[in-house]
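I have the model open and want to jot down what I look up as I go.

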Amino acid sequence: MQKSVKVRLQFNTTDTEKPFVHLFATKFGLVFSILQADIMPGRGGRMIMDLTGEAEDIERALAYAAERNVRVKILSKAIVWNDASCVHCGACTAVCLHKALTLDPVTAELSFNNESCVVCEMCVKACPTGAVRVDIYNGNES
Ligand code: SF4
Ligand code: SF4
């Protein structure tokens, strides 16, 4: 069964000296995109990735990360946009640095691309009508 998960990888100071990300995804045949990365050699850091693949391959990749001492958190939140409550004011687009929320230049209507969202929640604070909210579901950390 194919599924997609958004994960946050936490690297310690020495992890950044070794190749990891390419192996983490490709070794298990996963399609991945890096949504956010803040890593410096010798300092460590973190990265948010979207992974898509067979459920068991995702599990194997997460086990591989644990073997490599990379902490992985499956993000347990998602942004939900309620079109019915949205007045298309665009306030959320000004704070969405990842362009997950965008206004169509022709129709001036908002659209939401979940794949680009890193769940920073800035849009939730910016929205005057409560049209965007955080949905919490089960996640785990290794
Ligand atoms: S949480 Fe909101 S502001 Fe942050 S990336 Fe997602 S849509 Fe954009
Ligand atoms: S801030 Fe809220 S009401 Fe305005 S466009 Fe974004 S989701 Fe819609």
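I checked Cys 86 first: it counts as partly exposed because it has 18 C-beta neighbours inside 10 Å. The cut-offs I use, with C-beta atoms placed from the backbone, are 20 or more other C-beta atoms within 10 Å for buried, 12 or fewer for exposed, and partly exposed in between. This is a predicted model, so I keep to its rules: local features need pLDDT of at least 70, side-chain atom pairs count only at pLDDT 80 or more, and totals for chains, interfaces and linings use all residues. Residues are numbered from 1 along each chain as its sequence is written, while chains are lettered from A and ligands numbered from 1 in the order in which they are written.

Where does Cys 86 sit? I find Cys 86 in the loop between strand 5 (77–81) and helix 3 (91–95). Helices (H or I, at least four residues) and strands (E, at least two) are DSSP runs, numbered from the N terminus. Leaving out neighbours within four places in sequence, Cys 86 is in contact with Trp 81, Leu 110, Thr 129 and Ala 131; contact is C-beta atoms, placed from the backbone, within 7 Å. Ala 131 is 45 residues away from Cys 86 along the chain, yet their C-alpha atoms are separated by 5.2 Å.

**Ligands**

**Whole chain**

I counted four helices and eight strands. In sequence order the pattern reads β-α-β-β-α-β-β-α-β-β-α-β. Buried residues come to 23% of the 142 in the chain. Of the contacts with a separation of 6 or more, 70% are between residues 24 or more positions apart.

**Cores**

Which residues touch the most other members of the largest nonpolar core? Among its 17 residues, I list Leu 9, Leu 30, Met 49, Leu 51, Ala 61, Ala 65 and Val 72. A core here is a set of buried Ala, Val, Leu, Ile, Met, Phe, Trp, Tyr and Cys residues joined through C-beta atoms within 7 Å. Strand 1 (2–11), helix 1 (21–26), strand 3 (44–54) and helix 2 each give two or more residues to this core. Helix 2 gives the most, with four residues. I also noted a second, separate core of 13 residues, which includes Ile 79, Cys 92, Cys 96 and Cys 117.

**Helix 2**

Ile 58, Ala 61, Leu 62 and Ala 65 are its buried residues. Seen down the axis, they fall within an arc of 100 degrees, so they line one face of helix 2. That arc is taken over directions from the helix axis to the C-beta atoms. On the other side, Glu 56, Glu 59, Ala 66 and Glu 67 are exposed.

Ala 61 is buried because it has 24 C-beta neighbours inside 10 Å. Beyond four places in sequence, Ala 61 touches Phe 24, Ala 25, Phe 28, Leu 30 and Leu 51.

**Positive phi**

Most residues other than glycine have a negative phi, so I looked up the exceptions below. Asn 69 has phi near 60 degrees and lies in the loop between helix 2 (55–67) and strand 4 (71–74). Asn 69 is exposed, with 11 other C-beta atoms within 10 Å. Glu 121 has phi near 75 degrees, in the loop between strand 7 (110–112) and helix 4 (122–126). With 15 C-beta neighbours inside 10 Å, Glu 121 is partly exposed.

Technical notes. Contact = placed C-beta atoms within 7 Å.
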